[in-house]
Amino acid sequence: MRGRTEVLEPAILGLLAGSPMHGYELRKRVNLVLGSFRALSYGSLYPCLKSLVARGLIVGTESPDDRTVASKRARIVYQLTAEGKEHLQHVLSSSGPAAWEDENFDVRFAFFGQTDAETRLRILEGRRSRLTERLELVRQSFLRTRERMDEYTLELQRHGLESVEREVRWLDDLIDNERGIRRARPDGGGRPAAPENDAEGRTEAHTEKERG
């Protein structure tokens, strides 16, 4: 449960930094951030919201003009507190190993627009280093065991190899771009030019990663 919370909390705080939202809208937006393969249930969202309220990071207020048809009750609209904004900035400025692990990297990447250039670069380089290590291990395992695999297991191993190789290439491109930003901004601050979005709101980098 704690691992899910560590992913869910920054996603909620990062989204609320943009604008206040009620639970239903927040759930939809969080699902977009987490991706379709990690669909979020209300059973996960509301305990996390309750915890964030109890810690003073967000506040929920009734919106009497936004009543549900079935219950006629006002929806709760959540927004960041000053403490929540400070906590979010602390999270987004961190760049330790947890930031580039599988469970956390996608969420951190989703909020790179709110993250300083130096931190973005450290996370991308950490992610690439971790995947490069993994790639070498997968290659060694593949070479040792391929003669004992049936054709389907072999194909699955090959698919895994190619997927990691594609992500490493994608990270290389992102890192080159970030280093270009650092050269343009010697203080390491600022944000990259806004990437073009496709019809579904995905960035060009995400689309390229999916195409692989």
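With which side chain does the side chain of arginine 127 make a polar contact of 3.1 Å? The legends below describe a predicted model, in which local features need pLDDT of at least 70, side-chain atom pairs count only at pLDDT 80 or more, and totals for chains, interfaces and linings use all residues. Residues are numbered from 1 along each chain as its sequence is written, and side-chain values use heavy atoms, with hydrogens and water left out.

**View 1. The surroundings of arginine 127.** The side chain of arginine 127 makes a polar contact with that of glutamate 167, at 3.1 Å. A second polar contact, of 2.7 Å, joins the side chains of arginine 127 and aspartate 102. A polar contact is a pair of N or O atoms within 3.5 Å; within protein, one must be able to donate a hydrogen and the other to accept it, and residues adjacent in sequence count only if both atoms are side-chain atoms. Arginine 127 is found in helix α6 (residues 117-145). Its relative accessibility is 5%, so arginine 127 counts as buried; buried means under 20% relative accessible area, computed with a 1.4 Å probe on protein chains only. Beyond its neighbours within four places in sequence, arginine 127 is in contact (heavy atoms within 4.5 Å) with Trp100, Glu101, Asp102, Phe105, Glu167 and Leu171.

**View 2. The aromatic cluster.** Phe105, Phe109, Phe112 and Trp170 form one aromatic cluster. Rings of Phe, Tyr and Trp (its six-membered ring) pair if their centres lie within 6.5 Å; planes under 30 degrees apart count as stacked, over 60 as edge-to-face and the rest as tilted. By this rule the count comes to four aromatic pairs. The ring centres of phenylalanine 109 and phenylalanine 112 are 5.0 Å apart and their planes stand at 45 degrees, so this pair is tilted. Phenylalanine 109 and tryptophan 170 also form a tilted pair, with 5.3 Å from centre to centre and 50 degrees between the planes. This pair links distant parts of the chain, as phenylalanine 109 lies in helix α5 (residues 102-110) and tryptophan 170 in helix α7 (residues 151-184), 61 residues apart. Both phenylalanine 109 and tryptophan 170 are buried. Phenylalanine 112 counts as buried because its relative accessibility is 8%.

**View 3. The largest nonpolar core.** A nonpolar core is a set of buried Ala, Val, Leu, Ile, Met, Phe, Trp, Tyr and Cys residues joined through side-chain atoms within 4.5 Å. The largest has 24 residues, of which Ile12, Leu16, Leu26, Val30 and Ile58 touch the most other members. At least two residues each come from α1 (2-16), α2 (23-34), α3 (42-54), β3 (74-80) and α4 (82-93). Helix α1 gives the most to this core, with seven residues. Apart from it lies another core, of 17 residues, among them Phe105, Leu121, Phe142 and Val168.

**View 4. The whole chain and its confidence.** The protein chain has eight helices and three strands, which are DSSP runs (helices H or I, at least four residues; strands E, at least two) numbered from the N terminus. The pLDDT, the predictor's confidence in each residue from 0 to 100, averages 81 over the protein chain, and 75% of the residues score at least 70. Confidence is highest in α4, at a mean of 96, and lowest in helix α8 (residues 204-211), at 50.

Methods:
Buried < 20%, exposed > 50% of the residue type's maximum accessible area, 1.4 Å probe, protein only.
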